[in-house]
Amino acid sequence: MPLIVVCGFPSSGKTSRAIELYNYFKDKKSKKVVLISENHLVQNSHYDKNEYFSNAHFEKLIRSSLKSQVIASLNTEDLVILDAGNYIKGYRYELYCASKLVTTTQCTLLCSCNKDAALNFNQNRDKSFEDYLGENNSLIPYSEQVFTELCQRFEEPNENCRWDKPLFITYPNEDLNLNEIDDVLYQGKKLAPNLSTQNVSQITIFFL
């Protein structure tokens with residue numbers, strides 16, 4: 001039912017945190033968890049991820065597919081984790097509207113990392129495209145150009161924006177506050193749909 005939107009610079013630890021969340025809620029909290037991964041989607045396409053992120057059309061297709069998977073997975077029982085860059089605030093707003101439509105809770109997890117540290121981590125990856133088929137393509141480094149462009153595009157979440165909150169910020173080598181995230185998602189106030197998020201078929205229109 002709840003949605004966790006993971007975001008951050010490339011190579012900032014998003015996938016590691018998403019897996020940490022998945023294991024916590026699945027193993028310790030016995031929740032059914034759906035992990036939706038940008039990495040897996042690109043991998044399954046059999047294209048080099050640098051080619052994808054260098055092509056605006058391809059990237060738009062990725063975002064659309066990820067959003068469709070989130071919407072299809074949101075229900076009254078499952079926890080959904082979206083592991084992706086999610087760097088566009090308007091896109092995060094669309095995900096927020098999807099959560100409102102099904103009357104659930106949502107939070108944002110920002111993997112905050114110094115750009116130089118993220119670049120260093122990225123450069124230490126040593127997998128090539130030819131090596132990665134069948135593996136997690138997060139092991140493949142971004143090209144320097146793609147890395148720089150993705151950082152420049154990133155619109156950092158703001159806790160004052162209703163679609164970004166509750167906002168949790170985590171740093172490398174820092175423990176993730178799993179209990180607090182758990183409380184927000186399962187004890188917090190559920191988002192309520194309004195006219196802007198309802199389907200036309202769900203709205204009753206009265207004629208005088």
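**Notes on the sheet and its helices**

1. Five strands build an open, parallel sheet, ordered S2-S3-S1-S4-S5. Strands here are DSSP E runs of at least two residues, helices are H or I runs of at least four, and both are numbered from the N terminus; two strands pair if DSSP finds at least two bridges between them. S2 (33-37) and S5 (167-170) sit at the edges with a single partner strand each, so one side of each has no neighbour in the sheet. From one strand to the next, the twist averages 20 degrees.

2. Before going on: this is a predicted model, where local features need pLDDT of at least 70, side-chain atom pairs count only at pLDDT 80 or more, and totals for chains, interfaces and linings use all residues. Residues are numbered from 1 along each chain as its sequence is written, and side-chain values use heavy atoms, leaving out hydrogens and water.

3. Isoleucine 36 is opposite leucine 82 in S3.

4. Now the helices. H2 (residues 38-45) lies across S2 and S3, at about 55 degrees to S2. Angles run from 0 to 180 degrees between N-to-C directions, with axes fitted as lines to C-alpha atoms, for helices over the stretch in contact.

5. H4 (residues 56-73) and H5 (residues 89-101) have axes that come within 10 Å and cross at roughly 20 degrees. They are therefore roughly parallel (angles under 35 degrees count as such). Arg63, Leu66 and Lys67 are among the H4 residues in this contact, and Tyr91 and Glu94 among those of H5; contact means heavy atoms within 4.5 Å.

Methods: Parallel < 35°, antiparallel > 145°, perpendicular 65-115°, else oblique.
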